[in-house]
Amino acid sequence: MTLIYIVAGEESGDVLGARLMAALAAQHPGVRFAGLGGGRMTALGLAPLFPMRELAVMGLLEVLPKIVRLRARLHEMAADIRARRPDVVVTIDSPGFTLRLLGLLRGSGLKRVHYVAPQVWAWREGRVKTFPGLWDRLLCLLPFEPGFFARHGVEGLFVGHPVLESGADRGDGARFRARHGVADGARLLVVMPGSRGSEVTRLLPVLAATLQRLRPAFPDLVPVVPVAAAVAETVIAATAGWAVKPIVVTEVSDKHDAFAAAAAALTKSGTSTLELALAGVPMVVTYRVNPLTAMIARRLIRTPFAAIVNILAGRAVVPELIQQDCNPARLADEIGALLGDPAAVAAQRVEFARIMGALQPDLGMPSAAAAQAVLALLRA
């Protein structure tokens with residue numbers, strides 16, 4: 001039986017990995033899986049080599065205390081792969097771990113696919129020189145990435161963005177209001193602080209203060225906080241004392257229903273911006289990291305935007321308030337302006353539709369296109 005070793009290091013990778021596993025099983029019945037993943041991949045039959053949460057670390061300084069443990073896990077996984085001799089190894093995103101893993105597999109003779117191209121077009125472009133030989137196929141989520149990599153002599157294949165399969169645009173707003181007892185006239189504000197512990201710990205106090213500032217002008221505003229299971233307890237505890245009591249949701253279907261009911265969103269940068277754009281939710285984007293991490297990042301980042309919707313559009317479609325601008329006064333001003341300006345809402349939605357069209361692969365859905373690429377390498 002065909003054995004495919006899949007490695008996902010964080011929540012978003014678990015989502016991609018699960019969809020890829022389902023598409024692979026549909027196209028290649030009898031396939032077996034091993035590797036690393038979260039709850040979604042485990043539910044499809046993957047037994048993780050160790051808990052995926054051990055890799056969910058964000059930021060340069062945040063990694064340092066765990067570097068010894070991460071290095072041990074890296075070598076443990078490389079040894080497991082060499083012992084199992086899978087037919088294909090698929091690494092998903094998490095470049096800090098997965099690219100090092102692929103480096104350890106050089107010369108192994110194993111077929112390797114990396115899913116989600118490293119964002120070297122955004123920062124540390126010089127890293128592209130180290131990529132030849134790391135993989136046999138590079139699967140890109142963004143339409144401009146194959147062209148970027150081609151200019152550096154690296155082949156990439158655009159397979160579409162998996163947000164198109166997320167269901168973020170198929171929520172039921174009336175169902176959400178009924179389930180959580182939200183009045184028809186109340187306005188919902190989706191607040192998305194991230195999926196990593198370090199993110200939510202840093203952002204939640206700022207978001208709480210922002211909601212407090214919005215309360216006088218928008219007394220009917222109801223905050224909804226969708227969170228991943230890995231940080232649910234942290235978020236529930238941190239928001240228990242908020243003056244503006246939020247609705248914390250952990251189910252994906254509930255999150256999508258909240259999108260359908262929402263007037264606007266205040267979200268961290270990342271894939272969440274694409275989910276909201278697919279659902280047509282106007283947004284303000286924010287983010288904050290350790291000050292030293294931010295200082296280093298400013299010297300390395302080469303894109304003018306942090307939000308992927310702005311990068312894809314090539315202009316500031318949604319407001320970005322990053323680092324020092326991530327403060328309650330600025331955030332409240334931007335959200336308040338959005339809530340009071342139907343023209344700004346409509347302009348964002350027009351641009352969202354154009355961006356979503358550009359993320360569609362030539363044929364089928366992104367997970368099916370990615371599975372076809374993996375199986376084509378398997379059969380080569």
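K255 is buried, with a relative accessible area of 15%; buried here means under 20%, exposed means over 50%, and partly exposed lies in between, with a 1.4 Å probe and protein chains only. This is a predicted model, in which local features need pLDDT of at least 70 and side-chain atom pairs count only at pLDDT 80 or more, while totals for chains, interfaces and linings use all residues. Residues are numbered from 1 along each chain as its sequence is written, and side-chain values use heavy atoms, with hydrogens and water left out.

The partner of K255 is E275, and the closest N and O atoms of this salt bridge are 3.2 Å apart. A salt bridge requires a side-chain nitrogen of Lys or Arg within 4 Å of a carboxyl oxygen of Asp or Glu. E275 lies in helix α11 (residues 271–279) and K255 in helix α10 (residues 252–261), so the pair ties together parts 20 residues apart in sequence. Helices are DSSP runs of H or I with at least four residues, strands are runs of E with at least two, and both are numbered from the N terminus. E275 is also buried, at 14% relative accessibility.

How many salt bridges does the structure hold? There are 16. One of them joins R40 to D14, at 3.6 Å from N to O. R40 belongs to helix α2 (residues 39–43) and D14 to helix α1 (residues 11–27), so this pair connects parts that are 26 residues apart in sequence.

I turn now to the cysteines. With a disulfide taken as a pair of cysteine sulfur atoms within 2.5 Å, the count is zero. C140 is buried, at 0% relative accessibility, and C326 is likewise buried at 0%.

Finally, consider helix α5, residues 95–104. Which of its residues are buried? They are F97, T98, L99, L101 and L102. These buried residues pack against β1 (3–8), α4 (67–84), β3 (88–92) and β4 (112–115), where contact means heavy atoms within 4.5 Å. As a general point, an α-helix has 3.6 residues a turn, so residues three or four places apart point the same way.
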